[in-house]
Amino acid sequence: MLKVVLRRLLAAVPLVLGVPTLTFVLVEAAPGRMVDVLLGDRPVPPEVRRHLEAAYGLDRPPLTRYLLWVEHAATLDFGWSVSRGRPVARVLADALPATVGLAALALALQVGFAVALGALHAMRPRGLLDRALGVAGLAIASIPTFWLGLMAILLLSAAVPVFPPSSSHSLGADLWPWPARAADALWHAALPALVLSAGASAVLARFLRAGLLRSLGEDFVRAARARGASPARVLVRHALRASIGPVLTLTGLSLPLLVSGSLVVEVVFGWPGMGRTTYEAILGQDLPVALAAVLLSTLLVIAGNLLADLALAWADPRVRADAGAPR
């Protein structure tokens with residue numbers, strides 16, 4: 001398994017280098033300059049503008065600025081945020097916990113709903129419930145994330161005020177005891193996490209349904225039934241464990257969708273995380289924050305995929321045997 005981990009880490013190096021490079025090129029090619037966004041419509045003398053460009057290195061060629069950023073990023077020095085007036089590392093440190101918490105809750109809901117829906121699908125295949133769940137899942141997976149978020153706010157925050165429409169905590173929650181603060185944070189995160197996990201849950205449920213139906217026809221399942229195991233035990237203990245491998249793999253592959261989708265969800269719900277920080281940095285031409293946020297998101301995706309591979313190897317002995325086999 002150590003060899004597998006090392007191979008995955010080496011394969012991730014081009015991704016770590018390529019994504020920030022592409023982000024730099026796209027932000028650099030966007031209309032407007034960082035100094036123009038910083039100054040706004042205020043008339044300033046030319047020497048003030050030149051001073052700001054020199055302070056942020058904008059008087060240098062783009063390639064030189066990018067190579068300097070790579071050199072400083074290698075030492076975890078991401079520079080100074082133009083729009084926020086703070087170190088980039090502090091900006092990301094403030095936003096990262098909100099995104100990690102939201103993604104973790106969305107991932108848990110995604111896997112939980114997928115397992116529950118996949119089991120319901122497989123209990124009576126091609127029945128009324130199976131068909132209804134299939135149609136509903138296809139409809140939810142087809143809805144764009146931003147539209148699903150807006151409809152969720154309209155239905156569950158405005159029409160029926162079950163969840164708050166925005167923010168990550170209630171007003172004055174910082175003064176509450178920690179159990180109340182935790183419950184309040186979970187209440188605020190529930191709706192954006194549901195929206196973020198809805199489409200992937202429906203897709204994973206269909207994959208799990210196919211795997212369960214295939215496993216229910218295997219010899220080891222028939223042997224369990226012959227030993228007198230109950231249908232629920234056969235489904236959960238035997239068929240589900242044999243079918244969970246693709247779900248774990250797809251869960252790891254869905255992490256990029258969680259990261260990219262969190263940008264939309266965080267903007268819609270006003271969630272103070274990495275997604276909204278990246279969005280505001282790109283709009284404000286705050287290149288240091290945008291590059292560092294994209295790099296951190298890329299590292300999170302790589303780490304998530306690696307954890308998914310390890311979880312798959314833990315759940316399926318056949319994967320461990322393949323990983324240890326000579327190439």
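Where is the place of S167? Keep that in mind; the tour gets there near the end.

**Before you click**

You have a predicted model open, so local features are given at a pLDDT of at least 70, side-chain atom pairs at 80 or more, and totals for chains, interfaces and linings use all residues. Residues are numbered from 1 along each chain as its sequence is written, and side-chain values use heavy atoms, with hydrogens and water left out.

**Stop 1: the whole chain**

Show the chain as a cartoon. You'll find 14 helices and zero strands. Both kinds of element are DSSP runs numbered from the N terminus: helices are H or I with at least four residues, strands are E with at least two. Of the 327 residues, 37% count as buried. Buried means under 20% relative accessible area, exposed means over 50%, and partly exposed is in between, using a 1.4 Å probe and protein chains only.

Now think about contacts, meaning heavy atoms within 4.5 Å. Among contacts with a separation of 6 or more, residues 24 or more positions apart account for 72%.

**Stop 2: the aromatic cluster**

Select F24, Y66 and W69, and show their side chains. These three form one aromatic cluster. A search of the whole structure finds two aromatic pairs. Rings of Phe, Tyr and Trp (its six-membered ring) pair if their centres lie within 6.5 Å; planes under 30 degrees apart are stacked, over 60 edge-to-face, and the rest tilted.

Start with F24 and Y66. Their ring centres are 5.2 Å apart and their planes sit at 50°, so this pair is tilted. F24 belongs to helix α1 (residues 2-29) and Y66 to helix α4 (residues 62-73), so the pair ties together parts that are 42 residues apart in sequence. Is F24 buried or exposed? F24 is buried, and so is Y66.

Next, look at Y66 with W69. Here the centres are 6.3 Å apart and the planes are at 25°, so the pair is stacked. Y66 and W69 both lie in helix α4, three residues apart, which is about one turn of the helix. Y66 has 13% relative accessibility and counts as buried; W69, at 12%, counts as buried too.

**Stop 3: the largest pocket**

What counts as a pocket?

Colour the helices around the pocket: α3 (46-55), α4 and α13 (287-315) each supply at least two lining residues. The largest share, four residues, comes from α4. By type, the lining divides into 13 nonpolar, three polar and three charged residues.

**Stop 4**

Select T99 in helix α5 (residues 88-123). T99 is buried, with a relative accessible area of 10%. Leaving aside neighbours within four places in sequence, T99 is in contact with E266, W271, G273, M274 and G275.

Then jump to T278 in helix α12 (residues 274-283). T278 is buried as well, at 8% relative accessible area. Not counting residues up to four places away in sequence, T278 touches L263, A293 and V294.

**Stop 4: helix α7**

Select residues 145-159. Helix α7 has 15 residues and reaches 20 Å from its first C-alpha to its last, close to the 21 Å expected at 1.5 Å a residue. That expected span is 1.5 Å times one less than the number of residues. The buried residues of α7 are L148, G149, A152, I153 and S157.

**Stop 5: two loop residues**

Most residues other than glycine have a negative phi. L76, in the loop between α4 and α5, has a positive phi of about 65° although it is not a glycine. At 65% relative accessibility, L76 counts as exposed.

Back to the opening question: S167 is in the loop between α7 and α8. S167 has a positive phi of about 75° and is not a glycine. At 28% relative accessibility, S167 counts as partly exposed.

Conventions: Ala, Val, Leu, Ile, Met, Phe, Trp, Tyr, Cys and Pro count as nonpolar, Asp, Glu, Lys and Arg as charged, and the others, Gly among them, as polar.
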